[in-house]
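Here are a few notes for you to read with the model open. Have a look at the pockets first, then at the charged pairs.

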Amino acid sequence: MRDFWLAVDARAGRPPVIGGEIASAEETHESVAAGLGLVLLAEGNSRLIARDGVVVRPVRGLAPAELAVARRRDDDRPLVLAYLDATHRATGH
């Protein structure tokens, strides 16, 4: 996942420059607003970052993220089942 969010496949062998590591949407916004760098983020998270002068732009030419969802066979917690159901409805898988 880290390589995906660093766009390693699209860099033609050039290593990414990592200016810092952040732990929250607020830290992401503050770092970008302060001019410390830029960030790749999921389109759905753009509204958390695009404010107070921070601009969000789509990036073309990157492969989409691919995630897998798994659970233990005997895990029947309602939240887990609801997440799996929502994932199935959204993706058809």
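1. Helix 1 and helix 3 each give at least two residues to the lining of the second largest pocket. Helices here are DSSP runs (H or I, at least four residues), numbered from the N terminus. A pocket, on a 1 Å grid over the protein atoms alone, is an open set of points where a 1.4 Å probe fits, with protein on both sides within 12 Å along at least five of seven lines; lining residues have an atom within 4 Å of a point.

2. Before you go on: this is a predicted model, where local features need pLDDT of at least 70 and side-chain atom pairs count only at pLDDT 80 or more, while totals for chains, interfaces and linings use all residues. Residues are numbered from 1 along each chain as its sequence is written, and side-chain values use heavy atoms, with hydrogens and water left out.

3. Back to that second largest pocket: its space comes to about 590 Å³. It has 22 lining residues, and the closest to its centre are Leu40, Leu41, Arg57, Pro58 and Val59.

4. The largest pocket holds about 860 Å³. Among the residues closest to its centre is Leu40 again, along with Gly20 and Ile22. Helix 2 (25-33) gives the largest share of this lining, four residues.

5. Now the charges: Glu26 pairs with Arg51 in a salt bridge, closest N and O atoms 2.6 Å apart (the term means a side-chain nitrogen of Lys or Arg within 4 Å of a carboxyl oxygen of Asp or Glu). The two sit 25 residues apart, Glu26 in helix 2 and Arg51 in the loop between helix 3 and helix 4.

Terms used
Grid points are joined across faces, edges and corners, and a volume is the space filled by probe spheres set on the points.
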